[in-house]
Amino acid sequence: YYGRIVDPEAGRTVDEVMLVRMEPPHSYTREAGVEIHCHGGPLPVKRILELCVAAGARLAGPGEFTLRAFLNGRIDLSQAEAVMAVVSARTSESLALAVDELRGSLTHRLGPARDALIRTLAYLDASADFPEDEIHGVDVVGTLRSAECALAEVLAASNLGRLYYEGVQIAIVGRPNVGKSSLLNALLRHERAIVTPIAGTTRDVITETINLKGIPATLLDTAGIGETKDVIEQMGIDRSRRAIDAAALALFVIDGSQAATSDDLAVAHMLAERLDRDGAGRVVLAINKRDLPHHETHESLRAVLPGCPTIELSTVTNSGIDTLEATLFDLASSLAGEAREPATVSLRQREALRSALTSLQAALAAARDELPNDLIAIDVRDALMFIGEITGDQISERVLDEIFSTFCIGK
Ligand code: GDP
């Protein structure tokens with residue numbers, strides 16, 4: 001319907017609008033609804049909402065529309081959570097993953113394992129209740145093992161999915177003047193900078209977020225250190241140390257036209273220390289200023305960081321920037337494990353997946369030890385309960401409140 005919204009008291013037209021009336025079940029929530037399409041400025045929207053509220057409506061709670069869609073059975077819980085992922089996606093790749101999830105891909109992926117477990121549980125229960133009856137044998141160990149594989153696969157895919165959703169932090173470290181800021185700018189120019197940067201962990205560190213082949217990558221630049229010697233350089237080291245601790249990856253920049261200095265070595269040792277603590281493969285050595293004639297080999301630095309990928313580049317000619325991005329992408333992906341196909345899975349769903357996997361492994365151990373069927377059934381039942389939490393078949397009100405409280409109002 002086309003018409004006008006009129007303030008009944010003042011008798012004044014507030015806006016020219018379109019009204020869309022939705023008959024159940026053909027709406028987002030499956031309930032009857034009316035949508036008012038007005039002009040998008042803040043004032044008409046505010047006035048129309050005020051008039052609706054004055055006429056007896058109330059504002060929706062966070063995620064209330066999606067909650068109703070779930071409660072009315074139009075979508076399952078993992079699809080409801082995907083709405084949140086769609087709204088907050090930061091790269092087109094993470095959006096595509098979330099939309100996939102919105103169409104129910106997680107439930108679909110877990111479906112076969114769940115059905116097999118239900119059949120196994122039925123068998124285990126029946127054989128415990130009627131031990132003397134001949135019940136057609138079910139390959140309990142085989143079924144549990146393939147369910148375990150299916151769940152582990154989704155969990156691995158979810159690690160990669162989280163990377164696309166949450167992104168990765170990369171610290172750019174190195175002594176002053178090696179070209180850290182220039183490299184940050186080169187990466188920003190090369191890839192589209194993401195407009196909503198995550199606030200920096202400290203005020204000294206400049207953070208910018210780029211789209212690293214679909215992964216939102218926040219670069220922590222420890223540049224901005226002044227000219228004065230000693231004290232300031234010490235501050236620089238402190239800042240670098242903090243950035244390294246905060247980030248999953250470190251981009252170690254050195255000046256390829258000069259011999260390594262004691263400061264370069266100090267940074268290298270700091271990175272090596274971190275690697276020793278957290279495992280290898282997380283530093284990329286960027287040898288900058290390769291456009292200048294004088295080339296150093298930097299053996300002393302490489303010796304401190306054996307096996308770390310080394311990229312020669314120049315922020316002046318932009319040579320090596322593509323290779324650097326590819327290397328950073330590969331390293332970031334490898335942090336997420338082996339999976340090649342990412343899946344969007346919320347933290348809550350991941351917890352449930354892990355618990356389901358633990359229960360399955362317990363059931364598997366019990367089955368292999370040939371424990372009584374009713375004992376195996378306890379763990380299988382638990383696993384099914386946790387899978388049910390993912391899709392929302394089994395969910396408490398408290399969990400629902402928790403999920404939907406993170407939504408924006410009106411979604
Ligand atoms: P930072 O202190 O590590 O952040 O270094 P800057 O990015 O401020 O760069 C220090 C100096 O090196 C500046 O004068 C840059 O113009 C210069 N610079 C940076 N990258 C390159 C490069 O690839 N080639 C050349 N020739 N100069 C560079």
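Helices (H or I, at least four residues) and strands (E, at least two) are DSSP runs, numbered from the N terminus. The model is predicted: local features need pLDDT of at least 70, side-chain atom pairs count only at pLDDT 80 or more, and totals for chains, interfaces and linings use all residues. Residues are numbered from 1 along each chain as its sequence is written, and side-chain values use heavy atoms, with hydrogens and water left out.

View 1. A polar side-chain atom of Ser 182 lies 2.6 Å from a ligand oxygen. Polar backbone atoms also take part: one of Lys 180 is 2.8 Å from an oxygen of the ligand, and one of Gly 179 is 3.0 Å from an oxygen of the ligand. Taken alone, the ligand exposes 580 Å², and the protein buries 71% of that (Shrake-Rupley method, 1.4 Å probe).

**View 2. Asn 177 and its backbone.** Asn 177 sits in the loop between strand S4 (168-173) and H7. Its phi is positive, about 75 degrees, although Asn 177 is not a glycine. Is Asn 177 buried or exposed? At 64% relative accessibility, Asn 177 counts as exposed. Buried means under 20% relative accessible area, exposed over 50%, and partly exposed in between (1.4 Å probe, protein chains only).

**View 3. Lys 213 between two strands.** The loop between strand S6 (206-212) and strand S7 (215-221) holds Lys 213. Lys 213 has a positive phi near 50 degrees and is not a glycine. Its relative accessibility is 43%, so Lys 213 counts as partly exposed.

**View 4. A cis peptide bond.** Pro 24 and Pro 25 are joined by a cis peptide bond, with omega about 5 degrees. Pro 25 lies in the loop between strand S2 (12-22) and S3.

**View 5. A salt bridge across the sequence.** Arg 175 forms a salt bridge (side-chain nitrogen of Lys or Arg within 4 Å of a carboxyl oxygen of Asp or Glu) with Asp 264. The closest N and O atoms are 3.1 Å apart. Arg 175 is in the loop between S4 and H7 and Asp 264 in helix H9 (residues 262-278), so the pair ties together parts that are 89 residues apart in sequence. Arg 175 is buried at 11% relative accessibility, and Asp 264 is buried at 1%.

View 6. The side chains of Arg 68 and Glu 64 meet in a salt bridge, 2.9 Å from N to O. Both lie in helix H2 (residues 64-71), 4 residues apart, about one turn of the helix. Arg 68 is partly exposed at 30% relative accessibility, whereas Glu 64 is buried at 14%.

**View 7. A network of salt bridges.** Asp 7, Lys 46, Arg 47 and Glu 50 are linked in a network of salt bridges. The whole structure has 14 salt bridges.

Key: A polar contact is a pair of N or O atoms within 3.5 Å; within protein, one must be able to donate a hydrogen and the other to accept it, and residues adjacent in sequence count only if both atoms are side-chain atoms.
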